[in-house]
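Open the model in your viewer and keep the selection panel at hand. The stops below go from one side chain out to its surroundings.

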Amino acid sequence: MNFLIRVPLNTSPEQHARLCELRAVFARVCNELAPQVQQSRVWNRVALHHLHYRSLRAKFPELGSQMVCNAIYAVSKMSRLIYQAAASPYNVSRLPGKPLPLLKFADSCPVYFDRHTLSIKPGQLSLFTMDGRMRFELQLDGDKLALFEQVKLREIVLNERLDKTFELSFFLMSADSPDGAEGADGDVSDEALGDAAAAPESSIPEYVSVEVAPT
């Protein structure tokens, strides 16, 4: 069984600006890596980490080591969705002998967190920013708090809603869940497609553009 817990963040203007800055740098790392994926046709998360982690870490020292890993995960996940999902119009099997399209991430892209960059305890949530940890009061009922101890945390995603409120989405799954998608910590094989098993063009997120190379 899968679970989704949404937590809106009550940010001050200064905190909102810090999260926007984090998101923009996260997008820059994704856009630095995406052309490498396009050229090499390698999007396995572990392989991307071995090939590009050091150069990305050196170019974006302000983002921190674990957030660079999370950006690599974000590119790997989106690449699987675009290049590998059976229903995707950009599936590699439909592009024999042609270059892959280039993925571009907008500054509005979500930011992935994990157990190293975000922590929860009763009454408080703490997350990484480039200017130190940011803490928020956390109001969750006991049943929801218990889920974090009882089931596996698959993903933590930070998005900005239409009303300009930042919101964290916690995706959790029980141990017997058939869902094979990995989380940002990479606990499950990167070859599992999970929720990318079917990806028609209409399901490509708005924050990602797909640029097809001219023929």
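Select Phe 26 and show what surrounds it: leaving aside neighbours within four places in sequence, Phe 26 is in contact (heavy atoms within 4.5 Å) with Leu 63, Met 67, Asn 70, Ala 71, Ala 74, Cys 109, Pro 110, Val 111 and Tyr 112. This is a predicted model, in which local features need pLDDT of at least 70 and side-chain atom pairs count only at pLDDT 80 or more, while totals for chains, interfaces and linings use all residues. Residues are numbered from 1 along each chain as its sequence is written, and side-chain values use heavy atoms, with hydrogens and water left out.

Is Phe 26 buried or exposed? Its relative accessible area is 0%, so Phe 26 is buried (buried is under 20%, exposed over 50%, partly exposed in between, with a 1.4 Å probe and protein chains only).

Next, select helix α1, residues 13–40, where Phe 26 is found. Helices (H or I, at least four residues) and strands (E, at least two) are DSSP runs, numbered from the N terminus. Helix α1 lies across β3, β7 and β8, at about 95° to β3 (axes are lines fitted to C-alpha atoms, for helices over the stretch in contact; angles run from 0 to 180 degrees between N-to-C directions).

Now show the sheet. Four strands form an open, antiparallel sheet in the order β1-β8-β7-β3 (two strands pair if DSSP finds at least two bridges between them). At its edges are β1 (2–8) and β3 (111–113), each pairing on one side only.
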